[in-house]
Amino acid sequence: MTTDGAARPRRLGTGFWRLFASSTGSNLADGMLQAALPLVAASLTRDPLLVSLVASLAFLPWLLFAIPAGALVDRIDRRRAMQGANLARAAILLGLAVALATGWASIGVLYVAAFLLGVAETVYDNAARALLPRVVRRDQLERGNSLLSTAESVSNLFLGAPLGALLFALTAVLPLGAAIAMYVVAATLVVTVRGSFAPERGAPTTLAADIREGLGWLLHHRILRQLVWVTGLGAFGYSVANGIAVLFALDVLGIDEAAFGLLLAAMGVGAVLGALLSPALTRLLGRTAAMGVSGTLCGATLVGIGLWPALWVTLVLWPLGALAVSAFNVQVMSVRQVLIPDALFGRVQGAYRTVLWGSIPLGSVSGGVVGSLVDLPSAMVFGGALATVAGLGTWWVLGVHRREIAAAFLREDDPLRA
């Protein structure tokens with residue numbers, strides 16, 4: 001056992017593997033839709049702005065509903081929340097599939113479907129993150145998050161998206177039908193996880209009061225309050241680079257679209273490796289150093305890419321940066337899960353993610369502004385520098401609160417696991 005509370009985990013139980021199977025099925029459906037929905041949009045209109053709005057509307061609910069969705073998750077059985085969200089997504093897709101098959105589909109109908117799918121995702125994701133600490137012990141959290149993140153990356157990047165595009169090439173409704181089937185299967189599997197997963201609550205309260213309680217708890221929790229700002233800065237900086245990534249690859253590196261696709265695939269491999277290696281890094285370095293190295297490396301790789309804009313440098317550093325981002329995400333999620341009380345987890349997690357997700361579009365726009373005013377390599381360095389500062393800030397926060405975080409991982413006063 002290190003002083004950071006990083007221990008070798010024991011064997012995961014049946015409850016986790018049922019959750020894992022359900023989550024993998026749901027993520028496979030998500031991956032198919034990542035390819036299918038833009039293709040549906042392109043079949044309805046060739047206007048670039050109208051097509052791009054599909055992704056924006058799918059993202060918008062994270063800014064509008066992450067906190068209310070978290071408050072809802074803190075009121076009901078988390079399994080039922082996940083089941084309901086996936087069944088809702090299946091119903092939305094069924095309506096869209098019928099509209100496509102009957103010729104009633106339009107870009108407006110697709111917008112509504114994309115937005116509603118995003119709303120359901122906020123409920124599902126908040127519930128899934130809240131459920132994991134109830135099916136594994138604290139010393140297993142990082143391994144559990146690692147496996148779930150790995151399955152998410154593989155399902156979305158390597159299986160779901162290519163499968164969705166392939167099925168769409170056969171007929172437009174086929175990937176929607178396949179996604180419907182996967183959501184229904186995932187909804188069925190999650191309720192087989194045994195146990196009670198409704199948070200303990202006191203006297204009845206209003207939803208607004210619940211939201212205020214969650215926000216107040218986060219604002220008064222020194223560790224998480226500091227973490228949300230430094231990780232938000234990191235997400236902003238990394239998004240500066242992501243916003244101009246395709247132009248950097250095509251115009252600065254001089255590669256074509258097919259080669260850019262291969263570069264993205266290499267980044268996907270890095271992300272999978274990062275999720276898999278995260279628990280080992282924590283055991284090897286200790287939690288503070290592992291997260292500090294991962295967080296700082298995220299930004300340092302972008303600085304290197306901007307300062308030395310050569311293809312071979314990018315081929316090495318970009319996947320390495322994706323590895324660091326993925327490892328850090330697993331690590332910081334585990335920290336949040338041990339620090340946030342179960343009864344408040346949905347609301348606090350929703351508030352936390354609102355800050356993170358809100359920084360992403362701002363960072364992307366900033367990358368475009370800097371790239372236009374100066375040049376693309378400078379924008380890459382700018383984003384990387386911000387992310388590096390955020391990584392160092394995270395390292396400092398973790399170091400100051402090392403003992404408190406270690407004690408949270410060692411605490412054994414949790415409710416009985418399933």
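## Helix packing and nonpolar cores

Helix α9 passes helix α13 in a left-handed crossing, meaning that the near helix is turned anticlockwise from the far one by less than a right angle. Contact here means heavy atoms within 4.5 Å. I223, L224, L227, T231 and Y238 of α9 make the contact, together with α13 residues including G321, A322, V325 and F328.

This is a predicted model, in which local features need pLDDT of at least 70, side-chain atom pairs count only at pLDDT 80 or more, and totals for chains, interfaces and linings use all residues. Residues are numbered from 1 along each chain as its sequence is written, and side-chain values use heavy atoms, leaving out hydrogens and water.

| Helix pair | Axis distance | Angle |
|---|---|---|
| α9 (residues 222-243) and α13 (residues 311-339) | within 12 Å | roughly 160° |
| α13 and α16 (residues 402-410) | 9 Å | about 75° |

α9 and α13 are therefore roughly antiparallel to each other, a label for angles over 145 degrees. By contrast, α13 and α16 are roughly perpendicular, the label for 65 to 115 degrees. In this second pair, S334, V335, V338 and L339 of α13 meet I405, A408 and F409 of α16.

Now for the inside! A nonpolar core is a set of buried Ala, Val, Leu, Ile, Met, Phe, Trp, Tyr and Cys residues joined through side-chain atoms within 4.5 Å, where buried means under 20% relative accessible area (1.4 Å probe, protein chains only). The largest one has 51 residues, and M82, L132 and L227 have the most contacts inside it. Helix α5 (residues 107-135) gives the most to this core, with eight residues.

How values were computed. Axes fitted to C-alpha atoms, helices over the stretch in contact; angles between N-to-C directions. Helix = DSSP H or I, 4+ residues; strand = E, 2+ residues; numbered from the N terminus. Parallel < 35°, antiparallel > 145°, perpendicular 65-115°, else oblique. Buried < 20%, exposed > 50% of the residue type's maximum accessible area, 1.4 Å probe, protein only.
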